[in-house]
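Visitor: I'd like to go through this one quickly. Can you take my questions as they come?
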Amino acid sequence: MNRLLIDIGSTYFKIAEQGKIEQYFRNFDKSILNDLESKCADVISSYNKDDVYICSSANGGLSTLIIGLSNSFSLKYAVNIAFNSGINIIDTVLYNNISNETPPKDNIDVVIIVGGINSVDNIFDEKIFEYLNNVNYQNIVFVGTEKSHNYLQNNIKDIVLLENIISDKLQIREDELKSYLTDLYQADIMGKEDIKQLYALTNNQIFSTPYIVNRALPKIHEHIDVADPFIVVDIGGATTDIHYSRDLVNDNILSSSGYDRLVFKKLGVYKSRESLVHIAKQNEFVFELLEHLNVTENILEEKSDEATRVLMQLSIFLVLYKVSKHHASYIELNLEILNNIILTGGITQVLTQEDVDNITLFFYKKILHFHHTPKIILDKNYEIWTYR
Amino acid sequence: MKVVTGVVGNDIHVVANRLIDISLAERGFEVFNLGVNTYLEEFLDAVIETDADVLLISSLNGEAEGWCRDLQILKSQYNFRDNVIFMIGGNLVVGETTAEEIVPRFKSYGFDLVFHQVDLNEGLDQLELFLKASK
Amino acid sequence: MTLLQREREIIVRNEYIDHFDFDEVKEFISGASKNLFISHRFKNSKEILVQPRGGFPTYDKVFELYKEFKDANVDVLPLTIDSNTRLNDYATAKKMLSLSEANDTDMLNGYPLVNHGYRTTRKMITHYDTPVSLRHGTPDARLLIEVALASGIFEIEGGPITYLLPYSKNFPMDKAFLYWKYVERVCAEYSKLNEPINRESFGPLSATLQPPAIVIVIQLLEMLLSLEEGVKSFSVSFSQTGSMLQDIVSSNVIKKLARHYADKFGHDDATINLVYHQWMGAFPYNREYSDSLINTSTVIASMIGADKIITKTRNEAFGIPTKEANALAVANVKYTLGMLKGLPKVGDEEEEENLTNEVHEILEAVFNDGADTLWRQVFNSIKNGYIDIPFSPHIINANKVITVRDKNSNIRFFKRGSVPISDKSFAFEKSKISLKDGDRVVDKIIQDIGIML
Ligand code: B12
């Protein structure tokens, strides 16, 4: 059966039929639907609505702030559930350090608070209210010990109380939080007029692109030469996604799929260029890196093709850095045992093999003190999302 | 009384761990068993999440030292209540060393009770005595 | 370049090894001394080969250990790998190795082969000109076996099931199958150059109350997965059960069925050998009892006509044995074996029939799984609990099977979980168990685990 696959990105959209992929730059003066119809009306109209499949990363996803009692349980479980519900993580805060943390400035779609098994009491105190006073958020949900329900409900307006994600045996319990977040996510898509209109073209559910890519990973061997363990890095216009096989992480969570994903919201090269530059400037290695690429700091302010190239290289570096063991964030991948890195997304249209080899080698030398790097594969046709 | 237990580090010897679970439960403890292959930070996090009274770590493959040496440092980053008991037992070193040598060493790492090649029920008897004495 | 070769190029491009020269390695294996191949020894020896276990962090200590073993007349040398390397953590292994070298203490529980590299290790192995067996427990052993084979280690132990269910908590099992496929293929390829590389499965599993039917099923499946990729010499194995009768029954059944299934799947050109592990469970904290236990298992190895016996030492309960204690065990086993020649063949028809039925019943369920490849059928069968071993730390293992010993110490199914043995077979098992009223199963299990204490 023939299918038409459409991927809406923040800068491009791509149309795939029978292994053939066409890419189009988005025209931001038009709605997505109009844009699509003006560029490929013929193709689209030749398909039945049942055979059209659309995925989108254009809505950007939801941002989350997670406040949890410990790294190995509260935060890890909540982060895991959030990823699997298609949410983009923005920040995590360990409750023990909350007084020293500066609240994020951006608007947060949902704050998740978690801590303690159900029999534990008196975990939270005024510190959390003080902190939350300085956070802008739309939704707030508590998924920790039942004993704190009253206290939090009396002090935080509109807080949603769900089943504890930490079971009495310290196991992960994801159902309630997951369906809550998935609903929020769908509501977000439906709230975005642009995406909602696309249901004029398809009878199938519109998924987020990262979800589709993740689902395609077990099939990757049938199409390209890769050796497990590998990661797929999708650097797009607004976000950067990293998909990894689970043997790269050491966390003791049982998961049904062999692959997981992680999203960095503000590491895109077009739409979130400023925040990318900002993050880069804060990185202690960036000056050496620029020197290595033989460019000056000024390049970060430029708008040339050269600047875009450097920014893309920077984003590869930053992504690897953020998941390495030198950066204590919420996930640590064992990059030392990696065999392949597959790069996909807009970035593959700009960078050459040499560019990407160069930056990866810099990372491995500088950060891991390695002389070898995993083999880098550029998904030039941006076709991973079509594997099924 | 709540006890967090498991086997530390890259150790996968699970048999004693299953028996400790059963035996603790029989003695009336509420058991949180993290199983084999558990890292020190996970143990401490579990104590925090469950508000446990005792942390009981096993190690059988001889790697205990490498994984537990930094207990003191790690402890200082947590907000434990005062009377949490830290306990370790099993086969604590590679090769053969006497308990006289091993016990003080592990105590200096921050453990209250140390059992090298001691039967688990004897160790648990000692734990109960210790709990009584510290009341 | 073949797909396999392309993957191999990726695998050996690793921070912790020097340039890997495939051509040179090929040349080395083609011209290697026949004495390094256990498959060659099996062919030309009627005696039980004796192999201990052992490995130390530094080159020098392993060199010394081998010398000690050779003096004790060892037949096959072991190389046991440390647990960091087993988890592909070469960075920690490296650190611990240099600490061990600097302070003259053992900071690792085995030999970090990848860090030492094949150029160095090969010197030692060719020096002793004796077969070496790789003992490791690694789910992703791709790099490790490349280095091992390049070093002259021509027997590789393990398999996707036997090195996963007892050795890992959460390593993804589908990956393990794929990684082991690589191992089999590399072994198969090198087998064409000289004598065959021998693959050996690890029958002891978690070494604690393992039901023989499950052990044999797993042995046969790993054998088939290996032969399917072109391996020509394979050893099935199991460990002392604690009942002499059950060992004899197991050996008769496994020998018969291994040949049966190898032939049935078209591998009549493959050689199958039997390896017997001396008691793998909890050892007594008493060296004299340990000696007695070791002697008894040596007798059993002879009774069952094993092709190789893997030894333990009187220090087992205490810690990794010194090289002297380890070599002493080898010498003792050799001594005992000297007394045990031309033993009559014994058996027990009823027990053998029951065990044979159980194995067929489980395998039938495995082969009836709808998947299109054998590994996936096996994978699904483990997920479904058709294959379920007691005391596995792995999250995929169903943990529903419960076994206890009968009055003659035979291990019996008390609960079969989802293991598809027939009601008739299960009834046979149950009929042997005698729990007195008021006896608690847990107490019985604890007692049965500690049977040798
Ligand atoms: C069975 C076994 C295995 C099985 C384990 C299956 C499984 N998943 O559980 C297999 C074959 C897979 C295995 C593998 C290995 N093993 Co092993 N194994 C054993 C063996 C024979 C018995 C262990 C057992 O189950 N005993 C029964 C249970 C009930 O008792 P226990 O574990 O001994 O614990 C008792 C006490 O220590 C106490 N206890 C335990 N925890 C605690 C905690 C407290 C607080 C207290 C008070 C008491 C206590 O309670 C128990 C009963 O009283 C022992 C040797 C022995 N003891 O005879 C070696 C042994 C533990 N293994 C050992 C090693 C080194 C390994 C390997 C690294 C391989 C190797 N190099 O040989 C790998 C492990 C890889 C890894 N990542 O850890 C060494 C450890 C060396 C050391 N400490 O110096 C031992 C001692 C053997 C030896 N002499 O070399 N092993």
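Predicted model: local features only at pLDDT ≥ 70, side-chain atom pairs only at ≥ 80, totals over all residues.

Visitor: Which residues in chain A lose the most area to chain C?
Guide: D225(A), D247(A) and H372(A). Together they make up 28% of what the chain A side buries.

Visitor: How many salt bridges between chain A and chain C?
Guide: Two salt bridges. One of them pairs D228(A) with K175(C), at 3.8 Å from N to O. There are also five residue pairs in polar contact across the interface of chain A and chain C, counting pairs with both residues at pLDDT 80 or more.

Visitor: Where is P229(A)?
Guide: P229(A) is in a loop of chain A, between α7 (209–216) and β11 (230–235).

Visitor: OK, B and C now. How many residues are in the contact, and how much area is buried?
Guide: Chain B supplies 21 residues and chain C supplies 27 residues. The buried area is about 1,900 Å². Carbon and sulfur atoms give 54% of that.

Visitor: Which residues of chain B lose the most area to chain C?
Guide: I12(B), R18(B) and E96(B).

Visitor: What about salt bridges and polar contacts between chain B and chain C?
Guide: One salt bridge. R440(C) and E26(B) meet there, 2.7 Å from N to O. On the side of chain B that touches chain C, eight residues are nonpolar, eight polar and five charged.

Visitor: Where is H13(B) found?
Guide: H13(B) is in the loop between β1 (2–7) and α1 (15–26) of chain B.

Visitor: While we're in chain B, what stands out about the phi of N37(B)?
Guide: The phi of N37(B) is positive, about 60 degrees, although N37(B) is not a glycine. Most residues other than glycine have a negative phi. N37(B) is in the loop between β2 (30–33) and α2 (40–50) of chain B.

Visitor: Domains next. How is chain A divided?
Guide: Into domain 1 (4–59 + 192–205), domain 2 (63–184) and domain 3 (219–386). In the contact of domain 1 with domain 3, each of the two gives twelve residues.

Visitor: How much do domain 1 and domain 3 of chain A bury between them?
Guide: About 980 Å², with 70% of it on carbon and sulfur atoms. S10(A), Y12(A) and I21(A) supply 38% of the area on the domain 1 side, more than any other three residues.

Visitor: How many salt bridges and polar contacts are there between those two domains of chain A?
Guide: Zero salt bridges between domain 1 and domain 3 of chain A. Zero residue pairs in polar contact too, with the rule asking for pLDDT 80 or more on both. The domain 1 side has seven nonpolar, three polar and two charged residues.

Visitor: Last one. How many salt bridges over all chains?
Guide: The count is 49. Within chain C, K67(C) forms a salt bridge with D71(C), the closest N and O atoms being 3.5 Å apart. Both residues lie in helix α4 (residues 59–71) of chain C. K67(C) and D71(C) are four residues apart, about one turn of the helix.

Terms used:
Residues numbered from 1 in each chain as written. Chains lettered and ligands numbered in written order. Heavy atoms only, no water. Buried area = accessible area lost by both parts, 1.4 Å probe. Salt bridge = Lys/Arg side-chain N within 4 Å of Asp/Glu carboxyl O. Polar contact = N/O pair within 3.5 Å; in protein donor to acceptor, adjacent residues only side chain to side chain. Contact = heavy atoms within 4.5 Å. Nonpolar A, V, L, I, M, F, W, Y, C, P; charged D, E, K, R; others polar. Helix = DSSP H or I, 4+ residues; strand = E, 2+ residues; numbered from the N terminus. Domains from an automatic or database assignment.
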